[in-house]
Amino acid sequence: MTTVRFSKISQQADEFATQIMQAAQVLGLSIDDEQVLAILRYLDGLLLWGKAYNLTAITDPKEALIKHIFDCMAIVPDLPLADRGRVRLLDIGTGAGLPSVIIAILRPDWQVSALDSNQKKIRFIRQLASELALKNIMPIASRIEHHHADFAKTYQVITSRAFASLQDFVALATPCLAEDGVLYAMKGKNPTDEELASLADWHISVKPISVPQLDDSRCVVYLQK
């Protein structure tokens, strides 16, 4: 990685590359050098433009590597429908592209739509996707309510990371979900019994996930009709 120019992680690029490979191995992910480089360039851009575009409050590169990159990598092995070819995935409230960009890098055979109402953040994703030659990601500047009509029942997988509430996520995502699709909510804490009781029409599975080098609790909630 020493031949690649970075703005924010130049001194740590080789170390981070090794740690990304190690994290992938722990998670059971297959990853090549090009994907590692793409992740490093995305992380560098995230830190470089973080303040100007209000992308992340984290400024320390190592902290961003763990809390953003590894956190999103950790969900990829268990993404539903991973064996069904070219899956259409929608990431609602993607922000700076977390987890949509990481999924697009690690699942090049998937078509990923990164949706957020914040124009600046979508411009950032669009620029980085162009620089990384990520042809399988579509940045969309829109609210999910305005996305319903054109993409009704289109997506086999819909993700969210730290969405305000599970009920709101389900209500907003359902119109875009394919009949056999899966909702996939990333959470810090397990949903409460009250939250689960309000979603009685869904098959729900809660699975804890282990993020490399992170002690904080994480889980994912699968919901299927």
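Which residues is methionine 73 in contact with, leaving aside its neighbours within four places in sequence? The close-ups below come from a predicted model.

**View 1. Methionine 73 and its contacts.** Beyond those sequence neighbours, methionine 73 is in contact with Ile20, Ala23, Ala24, Leu27, Leu29, Ile39, Ile102 and Leu106.

**View 2. The largest nonpolar core.** This core has 62 residues. Tyr42 and Met73 have the most contacts inside it. Elements that give two or more residues to the core include α1 (13–27), α3 (61–73), β5 (177–187) and β7 (219–224). α2 gives the most, with eight residues. In soluble globular proteins, nonpolar side chains tend to be buried together.

**View 3. A right-handed β-α-β unit.** β2, α5 and β3 make up this unit. β2 and β3 (residues 137–141) pair in the parallel sense, over five bridges. Look for alanine 114: its bridge partner in β3 is proline 139.

**View 4. A cis peptide bond.** The bond joins leucine 98 and proline 99. Its omega is about 15°. Proline 99 sits in the loop between β1 (88–92) and α4.

**View 5. Alanine 133, a residue with positive phi.** Its phi is near 55°, and the residue is not glycine. Alanine 133 is found in the loop between α5 and β3. Its relative accessibility is 54%, so alanine 133 counts as exposed.

**View 6. Lysine 153, with positive phi.** Here phi is about 55°, although lysine 153 is not a glycine. Lysine 153 lies in the loop between α6 (144–147) and β4 (155–161).

Definitions and conventions:
Residues are numbered from 1 along each chain as its sequence is written. This is a predicted model: local features need pLDDT of at least 70, side-chain atom pairs count only at pLDDT 80 or more; totals for chains, interfaces and linings use all residues. Side-chain values use heavy atoms; hydrogens and water are left out. A nonpolar core is a set of buried Ala, Val, Leu, Ile, Met, Phe, Trp, Tyr and Cys residues joined through side-chain atoms within 4.5 Å. Buried means under 20% relative accessible area, exposed over 50%, partly exposed in between (1.4 Å probe, protein chains only). Helices (H or I, at least four residues) and strands (E, at least two) are DSSP runs, numbered from the N terminus. Contact means heavy atoms within 4.5 Å. Two strands pair if DSSP finds at least two bridges between them. A crossover is right-handed if, with the strands pointing away from the viewer, the path from the first strand over the helix to the second runs clockwise.
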